Amino acid sequence: MGKGLRYVLVLFLGCLLISVGINFFFVSYHLLDGGIIGVGLIAHYLWNVPVGMTIIVVSIPIYILAWMYYRPFFFNSLAGVIVSSLMIDFFAAFIPETPILGPLTSAVLGGLMLGVGAGIMFLLDISTGGFDLLAQMISAKTTWNVGVLIVGFDLAAVVAGIPVITFDEIILSTIAVIATGFATTVITAVGGVNAHPRPPLSI
């Protein structure tokens with residue numbers, strides 16, 4: 001399989017998993033994810049604005065930093081943030097009126113889907129932007145695993161969303177974030193993306 005085709009397939013598969021996890025499992029129970037997606041969900045719950053659109057807007061300052069200090073990640077994450085944001089907003093039109101699964105199962109499964117989606121994209125140095133992009137830049141310069149960094153960012157976003165959701169939703173959101181971080185950490189560790197990821201692909 002050519003590198004270009006593999007890149008496209010991984011990009012769309014990763015974004016699909018993230019989009020389905022958010023719309024079919026998180027939104028149904030008013031759950032939060034971490035990072036920029038969590039910010040997008042908070043804005044959606046507060047003002048009913050599209051999650052994907054919010055992700056793009058909030059990611060702009062981080063993209064400015066990437067352009068200034070780690071330009072390869074800037075280029076490689078553009079496709080990730082654009083495709084994932086568009087797919088998140090597209091699948092929002094198909095959110096089921098009745099939740100597919102129970103709240104705990106939805107939190108775990110949704111979190112795992114997001115983690116797998118992000119993790120397989122990280123294997124090709126594709127980021128969905130936002131704090132994922134920031135985590136990639138920090139991971140490239142330190143001894144921190146990118147999945148561990150994302151867990152920290154994600155938990156911070158859940159804390160920021162405390163005024164927006166109930167106590168039960170906070171617990172479920174925390175479980176979802178842990179599931180996301182676990183899946184991302186396992187995939188990136190097995191795939192060899194750790195403290196010193198491979199040089200980013202050129203686009």
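Predicted model: local features only at pLDDT ≥ 70, side-chain atom pairs only at ≥ 80, totals over all residues.
## Basis of the model

Local features require pLDDT of at least 70 and side-chain atom pairs pLDDT 80 or more, whereas totals for chains, interfaces and linings use all residues. Residues are numbered from 1 along each chain as its sequence is written, and side-chain values use heavy atoms, without hydrogens or water.

## Nonpolar cores

A nonpolar core is a set of buried Ala, Val, Leu, Ile, Met, Phe, Trp, Tyr and Cys residues joined through side-chain atoms within 4.5 Å; buried means under 20% relative accessible area (1.4 Å probe, protein chains only). The largest core holds 44 residues, of which Ile 22, Leu 41 and Met 121 touch the most other members. Helices contributing at least two residues each include H1 (3-26), H3 (51-69) and H8 (167-190); helices are DSSP runs (H or I, at least four residues), numbered from the N terminus. H1 gives the most, with nine residues.

Leaving aside residues up to four places away in sequence, Ile 22 touches Val 27, Ile 37, Leu 41, Ile 88 and Leu 114 (contact: heavy atoms within 4.5 Å). A second, separate core of six residues includes Ala 118, Val 146, Leu 149 and Ile 150.

## Helix H3

H3 bends by about 45 degrees at Ile 60, with Pro 61 following within four residues; the bend is the angle between axes fitted to the seven residues ending there and the seven starting there. Among its buried residues are Val 51, Ser 59 and Tyr 63.

## Recorded spans

In an unreviewed entry, UniProt lists residues 7-32 and 44-66 among the "transmembrane region" spans; such annotations may be inferred rather than shown by experiment. Residues 44-66 are 87% helix, with end C-alpha atoms 26 Å apart.

Key:
Buried < 20%, exposed > 50% of the residue type's maximum accessible area, 1.4 Å probe, protein only.
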